[in-house]
Amino acid sequence: MLIDRFHRRIDYLRISVTDKCDLRCSYCIPQGFTEFEKPANWLSFADIERVVGAFARLGVSRFRLTGGEPLLRKNLSQLVANLAVLSGVEDLSLTTNGTQLSRFAYDLRHAGLNRLNVSLDSLRRECVQTISGKDSYEQVIKSLQVARAAGFEQIKINMVALPGVNIDDIEEMVGFCIANGFILRLIEVMPMGKSGWKQDYFNLLELIENLRPKYQLHKSNRIYGGGPAKYWESADGRFTLGLITPRSQHFCATCNRVRMTVDGTLYLCLGQEHSVALKPLLQAGCSDAELEQAIRQAIDLKPEKHEFNEHPEKIIRIMAKTGG
Ligand code: SAM
């Protein structure tokens with residue numbers, strides 16, 4: 001088992017398979033950004049499989065593929081198929097912006113992907129375009145339909161709450177999620193990179209007080225994945241809402257996850273710089289035992305908490321690099 005210095009059990013690894021994205025969401029990748037990792041530095045599928053195997057032997061059972069936009073990485077379904085059969089991999093999920101998902105949903109499902117998170121910040125086409133820099137709304141809606149038809153039962157919609165931009169769209173999104181059986185996850189903006197720094201966050205704890213009576217929401221103890229969201233359910237069981245509140249109420253005391261970038265750097269906290277490069281070790285032909293030892297040592301570096309409120313301009317790397 002992986003236990004860090006603060007007695008937290010680490011059982012979740014998020015893997016960025018590319019830092020590139022076909023969208024430019026206002027809070028994520030800055031317009032004109034060009035500092036993407038060179039393909040020559042990307043971890044190969046074989047190396048990703050080795051790292052996942054090592055984490056699984058150390059008791060980590062949940063894995064999420066993310067990015068950047070993970071579906072821009074060629075043959076991703078093949079990676080999913082290879083990871084899904086590894087001993088100890090119990091939950092394999094993907095976070096996507098949905099622009100390419102309708103093409104790949106069936107392959108991903110057949111390959112063994114369990115769950116999907118799809119990002120969609122509004123149901124107004126022009127608002128999606130304003131936020132993401134692209135007229136992607138129709139593609140995402142189509143992807144959601146295809147994903148459901150492909151057999152994905154648990155689909156979560158990730159919606160970043162942006163003051164003055166999409167807050168008034170939340171109720172419509174609630175209705176959409178109820179009608180389609182999607183779980184809605186609202187996210188407070190994190191100050192990651194210049195794009196994140198300049199965004200105000202919307203306090204979701206205040207929002208829940210408004211939504212609560214209307215949908216008769218009560219706190220849920222059910223587990224809807226390995227992430228940090230706190231879940232609420234409606235009295236009739238038709239609606240589940242997850243709140244990710246890194247700004248208004250951080251959840252570092254129960255943090256159970258670490259992240260690996262496309263070049264094989266393990267980041268121990270989204271909001272701190274502590275990291276360990278695994279690629280040199282893999283390239284040097286390390287043994288499984290050496291790889292596991294490097295991961296154990298990395299976990300010892302995991303910091304107690306982020307400082308998004310205290311030092312909002314501390315993290316210069318954008319979310320797409322670390323893997324959200
Ligand atoms: N491209 C995929 C997508 O859009 O879902 C996966 C990567 S994206 C970085 C993962 C999630 O992080 C998305 O839901 C996105 O909205 C969220 N995100 C990106 N930057 C963020 C920020 N600064 N604060 C909060 N969430 C952010």
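Modeller: One term before we start: buried means under 20% relative accessible area, exposed over 50%, and partly exposed in between (1.4 Å probe, protein chains only). Bear in mind that this is a predicted model, where local features need pLDDT of at least 70 and side-chain atom pairs count only at pLDDT 80 or more, while totals for chains, interfaces and linings use all residues. Residues are numbered from 1 along each chain as its sequence is written, and side-chain values use heavy atoms, with hydrogens and water left out.

Colleague: Is Asn 75 buried or exposed?
Modeller: Asn 75 sits in the loop between strand E2 (62–67) and helix H2 (76–84); helices (H or I, at least four residues) and strands (E, at least two) are DSSP runs, numbered from the N terminus. Its phi is near 60°, a positive value in a residue other than glycine. With a relative accessibility of 58%, Asn 75 counts as exposed.

Colleague: What is the relative accessible area of His 7?
Modeller: His 7 belongs to the segment before strand E1 (12–18). Phi is positive here too, near 65°, in a residue other than glycine. His 7 is exposed, and its relative accessible area is 70%.

Colleague: How far apart are the end C-alpha atoms of helix H8?
Modeller: The expected span of a helix is 1.5 Å times one less than its number of residues. Helix H8 has 12 residues (204–215), so it should span 16 Å. The model agrees, with the end C-alpha atoms of H8 lying apart by 16 Å.

Colleague: Which residues of H8 are buried, and what arc do they cover around the axis?
Modeller: The buried residues of H8 are Leu 204, Leu 207, Ile 208, Leu 211 and Tyr 215. They are on the same side of H8, because the arc they cover around the axis is only 100°. That arc is taken from the directions from the helix axis to the C-beta atoms.

Colleague: Which exposed residues are on the face of H8 turned away from its buried side?
Modeller: The buried residues have cover that includes helix H6 (170–180) and strands E5 (155–161), E6 (183–188), E7 (217–219), E8 (230–234) and E9 (240–244). Cover here rests on contact, meaning heavy atoms within 4.5 Å. The face turned away from that buried side carries Glu 206, Asn 210 and Pro 213.

Colleague: What phi does the residue just after H8 take?
Modeller: Let's go from one end to the other. At the start of H8, a side-chain oxygen of Asn 203 comes to within 2.8 Å of the backbone nitrogen of Leu 205. Just after H8, Gln 216 has a positive phi of about 45°.

Colleague: Which side chain of opposite charge is nearest to Asp 263?
Modeller: Asp 263 is in the loop between strand E10 (257–260) and strand E11 (265–267). Its side chain makes polar contacts (N or O pairs within 3.5 Å; within protein, one must be able to donate a hydrogen and the other to accept it, and residues adjacent in sequence count only if both atoms are side-chain atoms) with the side chains of Thr 261 at 2.4 Å and Thr 265 at 2.9 Å. Asp 263 is buried yet has no salt bridge, which would take a side-chain nitrogen of Lys or Arg within 4 Å of a carboxyl oxygen of Asp or Glu. Counting Lys and Arg as positive and Asp and Glu as negative, with His and the chain ends not counted, the nearest side chain of opposite charge is 4.7 Å away and belongs to Lys 321.

Colleague: How many residues apart in sequence are the parts tied together by Asp 288 and Arg 50?
Modeller: The side chains of Asp 288 and Arg 50 meet in a salt bridge of 2.8 Å, N to O. Asp 288 lies in helix H10 (residues 288–299) and Arg 50 in helix H1 (residues 45–57), so the pair ties together parts whose separation in sequence is 238 residues.

Colleague: What is the relative accessible area of Arg 317?
Modeller: Arg 317 and Glu 273 meet through their side chains in a salt bridge (3.0 Å, N to O). Glu 273 is partly exposed, at 39%. Arg 317 is buried, with a relative accessible area of 5%.
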